[in-house]
Amino acid sequence: MAAGKPVVMVTLVSSDGQSFQLLEEAALLSAMVRDTIQIGQGRGPAGIPIRNITGQTLSMVVVYCNKHYTAAAAADGDDAADEEKKVANKKQLREWDEQFINLEQDKLYDILVAANNLGIDGLVDLCCWRFADMMKGKSASEIRVKLGIRDDFTSEQRAQIEKDSPWVWSRTT
Amino acid sequence: MADQSETSSPWSCKRPLRSSMADQSETSSPLSCKRPRYGNATLPDKLVIEHILTRVPPAAVVGLRAVCRTWRAALTSDRFVRAHRDRRRAATGDSQTEIIFFAPAAMGNAAAFYACKLAPDGSGVARELVSVHNLMELINV
C-alpha cells in the first residue's frame, strides 16, 4: 500500500451474521463487491451482506483475499527490475495457494460456490484445479461413488463402449 | 492466474459460471444424469464439465468417459477437446501438440498407452503412460 493513501475498510457480513472487516482493496478482488461499491453501496457501517455464504466459508475467502492483495501490493512496491525476487515471490504465493486449498471435498465445494458467487476468478480457478487433481488417477466407478453419479448407460451403450474401448470394462485374465 | 484468456472479465455475481463453450443443449437433456453431489449440495454439470474436467490431465479424461452418459457426451465432443487443449496450453505455456495413443505392447495380450509430443517439424518421441495390466487394476469395473 502506497504511503498517504487513505485506508478504507469494508465489512462483509455472512449469511449467519458474522462480520469480517478487510481492506477495501482486498475485497475488490471480488467482482460482486466491486459492483456493489461501484453503485455507491456497501461502504456504510452495515457492510455488504453476503447471502448464502456462512461465516466459516467467508472467513477462508477473506484470508485468500488478504493474502493475494498483500502479495500484489508487495509486487507493485518493488517495481525494480528484480526478476529473481519476482519469480521467488510468485512461487511462494503458489505454494501458499496449494496449502490453502488442500481441503476436504465438502469444504472445497463450499469455497468454490462462494468464490463463484463473489466473482473471485483466481479462487475459482484454484478450486477447480484442486477438484481436477482429486479426480486424477481414479476409475470411472470410483468417481461415480465419490460424486454420487448414477451409472445411466443402457446395455447397448455399454456394449458400444466395450467395443470402442474394451480396456474400460473387460479384463485380460 | 493461469488462464487469463478465459477468465479475464469478471464473473457477475448474479450469473452462474460463464461458459467458454457455446451454450448448446448437447451436454444437458436428454442425456442428463443425476447431478454430481459434493457433500450436501450439487455442482451444476456445466461447471463440473467445463471448469473442472477441462483441468484433468488428458490420460485421466479418457477413463472418465465411462462415468455416465452426460460425461461421455461431453468428453467426446469436439468442443470439450478444444476447451481442454486450450486450458492445458494456457496452464503449462506449452503449445506443442500432445497425442495419446493405444498400441499393442511387445508381449501377448498386453497393450499400453503412449503419449507423444509433436514438435513443429513433426518429430517426437513417445513415452509410455500406462500398460494395460496397470490400467485394469486402476479401472476395476
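Residues are numbered from 1 along each chain as its sequence is written, and chains are lettered from A, with ligands numbered from 1, in the order in which they are written. As the model is predicted, local features need pLDDT of at least 70 and side-chain atom pairs count only at pLDDT 80 or more, while totals for chains, interfaces and linings use all residues; side-chain values use heavy atoms, with hydrogens and water left out.

Chain A comes to eight helices and three strands, where helices (H or I, at least four residues) and strands (E, at least two) are DSSP runs numbered from the N terminus. Its elements run β-β-α-α-β-α-α-α-α-α-α from the N terminus on. Of its 173 residues, 43% count as buried, meaning under 20% relative accessible area, with exposed over 50% and partly exposed in between (1.4 Å probe, protein chains only). Contact here means heavy atoms within 4.5 Å; among contacts in chain A between residues at least 6 apart in sequence, 58% join residues at least 24 apart.

The strands of chain A make an open sheet of three in the order 2-1-3, with mixed pairing. Strand 2 (19-23) and strand 3 sit at the edges with a single partner strand each, so one side of each has no neighbour in the sheet. Two strands count as paired if DSSP finds at least two bridges between them. Strands 1 and 2 of chain A pair in the antiparallel sense over five bridges: Met9(A) stands opposite Leu23(A), and the bridge partner of Leu12(A) is Phe20(A). These two strands form a hairpin with five residues between them, and Gly17(A) in the turn has a positive phi of about 85 degrees.

Helix 3 (residues 55-77) of chain A packs on this sheet, touching strands 1 and 2, and its direction makes about 5 degrees with that of strand 2. For such angles, axes are lines fitted to C-alpha atoms, for helices over the stretch in contact, and the angles run from 0 to 180 degrees between N-to-C directions. Helix 3 has 23 residues and reaches 32 Å from its first C-alpha to its last, close to the 33 Å expected at 1.5 Å a residue; the expected span is 1.5 Å times one less than the number of residues. Its buried residues, including Leu58(A), Val61(A), Val62(A), Cys65(A) and Tyr69(A), pack against strand 1, strand 2, helix 1, helix 4 (83-100), helix 5 and helix 6 (121-135) of chain A. His68(A) also lies in helix 3 and is buried, with a relative accessible area of 12%. Setting aside neighbours within four places in sequence, His68(A) is in contact with Leu29(A), Leu93(A), Trp96(A) and Asp97(A).

Helix 2 (residues 31-38) of chain A has Ala31(A), Met32(A), Val33(A), Thr36(A) and Ile37(A) buried. Their cover includes strand 1 (9-13), helix 1 (24-27), strand 3 (48-49) and helix 5 (105-118) of chain A. Just after helix 2, Gly40(A) takes a positive phi of about 80 degrees.

Chain B, for its part, has six helices and five strands, in the pattern α-β-β-α-α-α-α-β-β-β-α along the sequence. Buried residues make up 39% of its 141 residues. Of the contacts in chain B with a separation of 6 or more, 38% are between residues 24 or more positions apart.
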